[in-house]
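Notebook open, structure loaded. I'm jotting down what I look up as I go.

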Amino acid sequence: MSKATGTLARQRRHTRVRKSVSGTPLRPRLNVFRSSAHIYAQVIDDVAGRTLAAASDSDKELATALAGKTKTERAREVGKAVAERAKANGVGLVVFDRGGYKY
């Protein structure tokens, strides 16, 4: 499978997943995007169309602490950061949007 075909397949899976996964004010959607170099996470209220919390390994405050770590360790730290930021905004529960990835 070529890279372009894999990307298109992920986009098709993502569209299929998003038909049933939607963020509400009580339970917003946690979206995760993985590029080949970085990982990004957002907590989104789809009703209001607002991002409530976000974190990535390219954030200035996280990038220095994550230098030299493996992708798995960076992903764990991004998850902790987005969880702290979401809790600070009053979010306790989220629905996970796997973004078309097969996990």
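Started with Val17: I get 12% relative accessibility, so Val17 counts as buried (buried is under 20% relative accessible area, exposed over 50%, partly exposed in between, with a 1.4 Å probe and protein chains only). I'm working on a predicted model, where local features need pLDDT of at least 70, side-chain atom pairs count only at pLDDT 80 or more, and totals for chains, interfaces and linings use all residues. Numbering runs from 1 along each chain as its sequence is written, and side-chain values use heavy atoms, with hydrogens and water left out.

Val17 lies in helix 1 (helices are DSSP runs of H or I, at least four residues, strands are E runs of at least two, numbered from the N terminus). Leaving aside neighbours within four places in sequence, I find Val17 in contact with Asp97 and Arg98 (contact means heavy atoms within 4.5 Å).

Arg10 is buried without a salt bridge, and the nearest side chain of opposite charge, Asp97, sits 7.9 Å away (a salt bridge is a side-chain nitrogen of Lys or Arg within 4 Å of a carboxyl oxygen of Asp or Glu; Lys and Arg count as positive, Asp and Glu as negative, His and chain ends not counted). Beyond four places in sequence, Arg10 touches Phe33, Gly99, Gly100 and Tyr101.

Then helix 3: I list Arg74, Val78, Ala81, Val82 and Ala86 as its buried residues. They pack against strand 1 (29-34), strand 2 (39-45), strand 3 (50-56) and helix 2 (60-66).
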